[in-house]
Amino acid sequence: SQAFHDEARQISNAGVKFAIGDVGGNSSASLPSSTVSVNGGSASYVADRPAGLSGTQMRVTSTGTYNGFQVTMIAILQYNGAKWTLQRIYQQPDATEYSRLS
């Protein structure tokens with residue numbers, strides 16, 4: 001089960017990278033949203049701009065699913081004048097998933 005969880009985390013990270021690819025170098029890019037198949041699983045990602053983020057930032061929530069396991073990553077992207085880059089990323093805690101690993 002640990003391997004399935006780890007793969008779901010990697011797929012979730014891939015979803016963040018797909019979102020970065022969607023916006024590329026466009027400073028006024030629309031907020032990306034999609035579901036893609038990755039390595040036998042899927043990544044669903046959606047971007048938004050909640051209160052507190054500037055116009056040059058967006059939040060991406062990406063959920064990776066693999067063999068019944070899900071991991072959600074939250075990333076903050078920042079436009080640096082040429083392209084969108086990853087400013088920070090963290091894994092959203094999920095007690096249900098962690099209890100499955102014990």
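This is a tour of a predicted model, one selection at a time. Residues are numbered from 1 along each chain as its sequence is written, and side-chain values use heavy atoms, leaving out hydrogens and water. Because the model is predicted, local features need pLDDT of at least 70 and side-chain atom pairs count only at pLDDT 80 or more, while totals for chains, interfaces and linings use all residues.

**Stop 1: helix α1**

Select residues 2-23, which form α1. Helices (H or I, at least four residues) and strands (E, at least two) are DSSP runs, numbered from the N terminus. The expected span of a helix is 1.5 Å times one less than its number of residues; for the 22 residues of α1 that gives 32 Å, and the end C-alpha atoms are 32 Å apart, which agrees. Colour the buried positions of α1: H5, A8, I11, S12, N13, A14, G15, V16, A19 and V23. Buried means under 20% relative accessible area, exposed over 50%, and partly exposed in between, with a 1.4 Å probe and protein chains only. Just after α1, look at G24, which has a positive phi of about 50 degrees.

**Stop 2: the salt bridges**

How many salt bridges does the structure hold? There are two, a salt bridge being a side-chain nitrogen of Lys or Arg within 4 Å of a carboxyl oxygen of Asp or Glu.

Select R9 and D6, whose closest N and O atoms are 3.1 Å apart. These two residues lie three residues apart in α1, so about one helical turn separates them. An α-helix has 3.6 residues a turn, so residues three or four places apart point the same way. R9 is partly exposed at 25% relative accessible area, and D6 is partly exposed at 29%.

Next select D48 and R59, which form a salt bridge at 2.5 Å, N to O. D48 is in strand β2 and R59 in strand β3, so this pair ties together parts that are 11 residues apart in sequence. D48 is partly exposed at 27% relative accessibility, and R59 is partly exposed at 27%.

**Stop 3: the nonpolar cores**

Select V16, A19, V23, A29, Y45, A47, M58, V60, A75, L77, Y79 and W84, the 12 residues of the largest nonpolar core. Such a core is a set of buried Ala, Val, Leu, Ile, Met, Phe, Trp, Tyr and Cys residues joined through side-chain atoms within 4.5 Å. At least two of its residues come from each of α1, β2 (41-48), β3 (57-66) and β4 (69-79). A second, separate core has five residues, including I11, A14, V36 and V38.

**Stop 4**

M58 is in strand β3 and is buried at 0% relative accessible area. Leaving aside neighbours within four places in sequence, M58 has contacts (heavy atoms within 4.5 Å) that include V23, L31, P32, A47 and W84. M58 and Y79 are 21 residues apart in sequence and 8.8 Å apart in space, C-alpha to C-alpha.

Move to S62, also in strand β3 and buried at 0% relative accessible area. Beyond four places in sequence, the contacts of S62 include S12, G15 and V16, as well as S44 and Y45.

**Stop 5**

Select β4 and β5 (residues 84-91), which pair in the antiparallel sense over seven bridges; two strands pair if DSSP finds at least two bridges between them. Y79 stands opposite W84 in β5. Four residues lie between the strands of this hairpin, and G81 in the turn has a positive phi of about 100 degrees.
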